[in-house]
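Keep the 3D view open as you read.

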Amino acid sequence: MSIRRHPEAATVVRRRDRRGRGLRGPLMPQSLPAYRTRAERFDALVLDAVEVLERRWADQLDGVEFAVEEVPPSTPAPWETGIPLGRCFPADAGQADRVVVYRRPLETRAHDADDLADLVHDVVVEQVAHLLGRAPEDVDPGYGQDR
């Protein structure tokens, strides 16, 4: 006795649905804000702070690069005490002026999302003030105040 198989039976791929959980896939659709990573949310906070400053200081901030790094380098500058939250690098050897904000130290200091937004804004204002040679209160009159 011979067993005859259906011609399409060989091409059917069976995938097991282990333990009845259904197919695996993303839990959040990409369109929801919760889909973004912590780093992406932090980058958005920095961009928001920069946009506020660029409205007022567009001419002076033209060409300034803003960057986010996870942590500061392990060798601090001689004048720094503690862990820096951000740094300002004046233009040098063909490089543009740069402001760098460090994500992990700021996230560690913040109590919640609103506090993190305030801290990021204040650090960006401080670094831009240092770059422009002005007081932070001159750069942003709302500096240091709860928003």
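Four helices and three strands make up the secondary structure of the protein chain. Here helices (H or I, at least four residues) and strands (E, at least two) are DSSP runs, numbered from the N terminus. Reading from the N terminus, the elements follow the order α-β-β-β-α-α-α. Please keep in mind that this is a predicted model, in which local features need pLDDT of at least 70 and side-chain atom pairs count only at pLDDT 80 or more, while totals for chains, interfaces and linings use all residues. Residues are numbered from 1 along each chain as its sequence is written, and side-chain values use heavy atoms, with hydrogens and water left out.

The chain has 147 residues, and 27% of them count as buried. Buried means under 20% relative accessible area, exposed means over 50%, and partly exposed lies in between (1.4 Å probe, protein chains only). The protein chain exposes about 11,200 Å², with carbon and sulfur atoms supplying 50% of that area; accessible areas come from the Shrake-Rupley method with a 1.4 Å probe, and for residues only the protein chains shown count as cover. A contact means heavy atoms within 4.5 Å. Among contacts between residues at least 6 apart in sequence, 57% join residues at least 24 apart.

Now for the charged side chains. The structure holds two salt bridges, each defined as a side-chain nitrogen of Lys or Arg within 4 Å of a carboxyl oxygen of Asp or Glu. One of them pairs arginine 103 with glutamate 70, at 2.5 Å from N to O. Because arginine 103 lies in helix α2 and glutamate 70 in the loop between β1 (65-69) and β2 (86-89), this pair ties together parts that are 33 residues apart in sequence. Arginine 103 is buried at 8% relative accessibility, whereas glutamate 70 is partly exposed, at 38%.

Glutamate 107 also forms a salt bridge with arginine 103, at 2.8 Å from N to O. About one helical turn separates these two residues, because they are four residues apart in helix α2. Through shared partners, the salt bridges join Glu70, Arg103 and Glu107 into one network.

What surrounds glutamate 107, beyond residues up to four places away in sequence? Glutamate 107 touches Arg38, Phe42 and Leu116. This glutamate, placed in helix α2 (residues 103-109), has a relative accessible area of 18% and is therefore buried.
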